[in-house]
Amino acid sequence: IIQSFNKHPCLSIKFRDLAVWLIDNFIHSASLLRSFSENRIKRLISDIAHLEKTIISFFTSKELLPELKFLRAFKLLITLNLEQITTNEDICILNNTVIVHHLFSRAPADELKFPYIEFEQNLNDYFNKISQLQEITIWNQFIQPCLDRYRNLINSRGDKEYAAVYPIII
């Protein structure tokens, strides 16, 4: 039934919009997962493959080329170590907020909290808020205050060492 959408331009456009929204929300949600164990990475890669396969079954890859590139770049991001993240050009197509959220996920959860946790928002409200903001505003209103709080926490303890992700984020 859904493949018949291609015969109806209006429905095809709406379905494409839905696919783009789905990919975007999947990437943003997955970037906020903590505990990137080997099993979680494998499961997420499997989920990405299923999502990609399902979406491609309705469209040609040419029709969704940018969005599929984002999905593939995110799949790459979650498999890279921190050093590789700083040098890999293939992930540069991702939204900065996605990369930074993913880096937050690799930090100690009790010290460097995700912005939505730091600002006591539920995930849905946070997504709705940042989806309406430009990158610089997200950085200034949400990410920078979390980094400042983390830096102050480390300094107040007299520690000199930050989590490995901290210098990458800043």
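Helices, of at least four residues, and strands, of at least two, are DSSP runs numbered from the N terminus. On that basis, the predicted model contains 9 helices and 0 strands. The elements follow the order α-α-α-α-α-α-α-α-α from the N terminus.

**Overall architecture**
- Along the principal axes, the C-alpha atoms fill a box of roughly 65 × 30 × 25 Å.
- Of the 170 residues in the protein, 36% are buried.
- Among contacts between residues at least 6 apart in sequence, 61% link residues at least 24 apart.

**Packing of helix 5 and helix 8**
- Helix 5 (residues 96-105) packs with helix 8 (residues 135-156) at an angle of about 15°, and their axes lie 11 Å apart.
- Helix 5 is therefore roughly parallel to helix 8, since angles under 35 degrees count as such.
- The crossing of helix 5 past helix 8 is left-handed.
- Helix 5 contributes Asn96, Thr97, Val100 and Phe104 to the contact, where they meet Glu135, Ile138, Trp139, Ile143, Cys146 and Leu147 of helix 8.
- By class, this contact has 7 nonpolar, 2 polar and 1 charged residues.

**Largest nonpolar core**
- The largest nonpolar core has 47 residues, of which Phe74, Phe104, Leu112 and Ile169 touch the most other members.
- Helices that each supply at least two residues of this core include helix 1 (9-30), helix 2 (38-56) and helix 3 (65-79).
- Helix 8 provides the largest share of the core, 7 residues.
- Beyond its neighbours within four places in sequence, Leu112 is in contact with residues including Arg34, Phe104, Cys146, Leu147, Tyr150 and Ile169.

Methods: Residues are numbered from 1 along each chain as its sequence is written. This is a predicted model: local features need pLDDT of at least 70, side-chain atom pairs count only at pLDDT 80 or more; totals for chains, interfaces and linings use all residues. Side-chain values use heavy atoms; hydrogens and water are left out. Axes are lines fitted to C-alpha atoms, for helices over the stretch in contact, and angles run from 0 to 180 degrees between N-to-C directions. Angles under 35 degrees count as roughly parallel, over 145 as roughly antiparallel, 65 to 115 as roughly perpendicular and the rest as oblique. A crossing is left-handed if the near helix is turned anticlockwise from the far one by less than a right angle, and right-handed if clockwise. Contact means heavy atoms within 4.5 Å. Ala, Val, Leu, Ile, Met, Phe, Trp, Tyr, Cys and Pro count as nonpolar, Asp, Glu, Lys and Arg as charged, and the others, Gly among them, as polar. A nonpolar core is a set of buried Ala, Val, Leu, Ile, Met, Phe, Trp, Tyr and Cys residues joined through side-chain atoms within 4.5 Å. Buried means under 20% relative accessible area, exposed over 50%, partly exposed in between (1.4 Å probe, protein chains only).
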